[in-house]
Each structure stands twice: as structure tokens, then as C-alpha cells.
Amino acid sequence: MSRHSDGRTAVVLFTRDLRVHDHPCLVEAARSCEYVVPLFVLDDDVLDRAGPNRLAFLVEALGDLRESVRRRGADLMIRRGDPVAETVWLCRDVGADTVFVGEDVSPYARRREQRLATACQSVGIELRVEAGTTVVQPDAVAPDGGDHYRVFTPYWRRWREAPHRRPLSAPAQLRLPRGVAASELPLLRELNGRPASPGVARGGESEGRRRLTRWLADGLPSYAERRDRLDVDGTSRLSAYLHFGCLSPLEVVTRAQEHPDSDEFVRQLCWRDFFHQLLAGNPETTHRDLHPGTDDRRPDHDALERWRGGFTGYPIVDAGMRQLAFEGWLPNRARLIVGSFLTRNLGVDWRSGAAVFFDLLVDGDVASNAGNWQWVAGTGANTRRNRVLSPLAQARRFDPDGAYVRRWVPELRALPGPMVHEPWKAADSLLAPEYPAPIVEPPSPPQSTRRTHAGRA
């Protein structure tokens, strides 16, 4: 144990920071206290809102975290209930006088932190809140005369210049007080009755670090050219590991910047920080327009369900939604396409789409989910609020030969090349009878081959 430790006992409350590397709370607790009790609380209020894909990833991440702290001589306490009450109860049980918790920006996380501060003060426990969810703290970069940015580009310029610390090494050793007994890891079926999607990525810091190392060597050099292509796997697929804190965003940026041509990848990570500071400054944006939207949004349940199921009759949209259903993940370009189609072409309120994403995505992050949906809907941090992404133009540009669509919409595999993006133009002999006609009229289709939504519902 560090020579700086003073015999005290600390509880480290893990939330969205399920790792041991570059973990400021864990490092400071190990440095300043003789005994460290790692704790994760299964919060029913959070579990009730989390879809099965996120819960499956969470269970694996907790198992990996437990193995990491065990290798360092401690164990992970897992409790279920109110995180504030469970933390204070554990402090009393083990004689802890300090609680460490990571800073977060969602309205729920901030209320939890405030309640924890009040509860700790009432029983004489010190609460230490450490940054680590973002690369740059939400309040560290602000425009002149304001407290946060609403436009990305000026934020990006200031963010790049902001100083930040070096990543921290994982503690070499952790000690539990005597007599502390760990609990068993939860089973997924105990948390949610729904099964996870079959293609959900494996959770945990160990897997995240393996993926990061492989990505920096093999994926980063071509990221700028391939990141928007749907017919190739050109993105990092690290978003779930960042959401759960299995990877430190600061460490990811720091390691990426050691490589040439990392600017575009780092810029995408800056978007994550941008949406966090936007939510911190506008907590209501999870459910309220940042800027006034249009008045023609409608609650169209049938359209929403066809979109969710991947049966809109627009292959590029359906491919994206089917990938989301299978993997609990989508590349950013596909998210933009399906989001724009729902809000702009179908006129469905962005909140309905955001709810579907939050249910299916492994990386269902409150800040990024609301921020991106408001961006495509024209109500958020988008300087061109009338922007509409044509699904056909996007398909031709980012899936030029139709490989992405043929992978996820197998009914259309007989259609050659880019014809797969406009099946309503194909000869009847090539059409799949089970694939629906377009839910809305496609642009200028030939009269001889046009199939209408009414005719092929």
C-alpha cells in the first residue's frame, strides 16, 4: 500500500466507470486510505429504464471489474436498491469515513450526487467527487460571456486547446477491511425478463482494452476515409465501452493522439464531450426541444413500429434498424440516416425514436442519444436546422454497391448492385414478395413499376 495511506477506509462507488485503469476515484482512494471497498449498486430506477442489451453488457462488465479488483487483493461489493442508502449502510458496516464517486452530468446522476452529499454529511462521512466521465470537464470549456456551448465547431476549437491530465495507472494493490463479504454477481434474467440481442458485444474493461489496442493499430489509419462507409467496418465500435466507463475517454484520446492522422477520430470523441456539456447546461433536453421544432410532428404508431422493425420499404433504413435489433449498435452514419428518415420523412417526433434507441442500444447514453436525435430533427445543436438526409442519396454515397443492405435485408439479395436501394424499380421477377412497398412515396418512381404503400401494406 502507498506510503501516503493513513489507516482510513474508503468506499469507492462505481457508476459509469467500470474500470481500474485511469480511475481517479480508485487511484486516490488507494493512495490516501489503507482500506478500499469497491461498491456497485444495482439501482432499480436505472434497471427499469435499461433495455436487455445494456443489462447484458453491464453484467459482463461487472464480472470483469470484479476479477480486476480481485487480482489486486480486494473484491467488488454488489448491492441492489437505492445507491445512496446502500452506500451509507456499507460505510457504517465497514467503518468507512470517506466515499469516492465519479462525476456525471445526467439529471438523474446529479440528483443522486446531491442526495449522497446530504446523506454523507448527516452521518459525518466525507464525499469526494472526481472527474473521469469525459475528456474535458463539462464546465472547463465555455464561450466568452456564457456557461456552455450550443454549437460544436467553436467548442471543438476550444476543447482542443484545453489542458488535461495524463491517464493514471491502475492501483497495484487494494486492501479490504477484515470480515467484508462480497455478494454474487446478478444473472441477466434476474434483472430483466427480456433476452439480449444475439449480436451484442462482450462487455468489460479487458475486452475494451483489447479492442482499443487492435483499433489503434489496424483501424485508426483509415478511419477518416472509412468512418461513414456502411459497406465496410470502418468505425472503432468503442462507444459501449466508453458509455459504461470500461474505457477512460481521456486514455482513448491520449493513446489515439500518439498516432498520425488521429484528428478526425479525436473530433468524434469531442462530440461526446460536447453533448455532455450541452446536457449539463440544459438538463431538459432529454425531453424538450433545445430550439423550437416544427408543428407537423405526429404520434404515428404504425409508422414507428414499421421503422423499428425494419419494414419501411426503404432498404437503407431497414438495414440500419435490423442491424440495431441484432447487435444493439449502429455506426454513426446509419444512426443519422434512420433518425432523419423517422423525423423528416415520416414526421414522427424525435422523442419516440430516442426511446427506441435507448431501449435497444448498448451504448444508450442519455447525453449523446438526446443530442444526436435533436440534431437530426433540427431542434438541437445543428446550425442547419432544415437539413434533411435523403435516404437514397445517403445509400448511393455510403453503400454504393448495396453490400450493407444485402447483409441486413436478405430478401433483397437477388437485386444486383445499387438497384437494391430502389427495389420498387426492379422487375417483378426479382422482387421479394415479403418485402414491403415504401411507407412513403419514393421520389419520382417510374409509373410502370411503382408500388404504393396502400397496395402492399
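**Exercise 1. How many residues does α17 have, and what distance does α17 reach from its first C-alpha to its last?**

Solution. The model is a predicted one, in which local features need pLDDT of at least 70 and side-chain atom pairs count only at pLDDT 80 or more, while totals for chains, interfaces and linings use all residues. Residues are numbered from 1 along each chain as its sequence is written, and side-chain values use heavy atoms, with hydrogens and water left out.

Step 1: helices (H or I, at least four residues) and strands (E, at least two) are DSSP runs, numbered from the N terminus. Step 2: α17 has twelve residues and reaches 17 Å from its first C-alpha to its last. Step 3: this is close to the 16 Å expected at 1.5 Å a residue, where the expected span is 1.5 Å times one less than the number of residues.

**Exercise 2. Which elements give two or more residues to the lining of the largest cavity?**

Solution. Step 1: on a 1 Å grid over the protein atoms alone, a cavity is a set of points where a 1.4 Å probe fits but cannot get out, a pocket is an open set with protein on both sides within 12 Å along at least five of seven lines, and lining residues have an atom within 4 Å of a point. Step 2: the structure holds five cavities of 30 Å³ or more, and the largest cavity contains about 90 Å³ of space. Step 3: the elements asked for are α12 (263-281) and α17 (366-377), and α17 gives the largest share, four residues. Step 4: by class, the lining has seven nonpolar, four polar and no charged residues.

**Exercise 3. Describe the largest pocket and the second largest pocket.**

Solution. Step 1: about 1,200 Å³ of space lies in the largest pocket, whose lining is made up of 43 residues, with Gln268, Trp271, Phe275, Asn332 and Asn372 nearest its centre. Step 2: α12 supplies the largest share of this lining, seven residues, and the lining divides into 20 nonpolar, 13 polar and ten charged residues. Step 3: the second largest pocket has a volume of about 890 Å³ and is lined by 41 residues, of which Val46, Arg49, Ser106, Phe358 and Val366 lie nearest its centre.

**Exercise 4. Is histidine 23 buried or exposed?**

Solution. Step 1: histidine 23 is found in the loop between β1 and α1 (24-32). Step 2: with a relative accessible area of 1%, histidine 23 is buried. Step 3: leaving aside residues up to four places away in sequence, histidine 23 touches Val12, Phe14, Asp17 and Leu168.

Methods. Points joined across faces, edges and corners; volume = space filled by probe spheres on them. Nonpolar A, V, L, I, M, F, W, Y, C, P; charged D, E, K, R; others polar. Buried < 20%, exposed > 50% of the residue type's maximum accessible area, 1.4 Å probe, protein only. Contact = heavy atoms within 4.5 Å.
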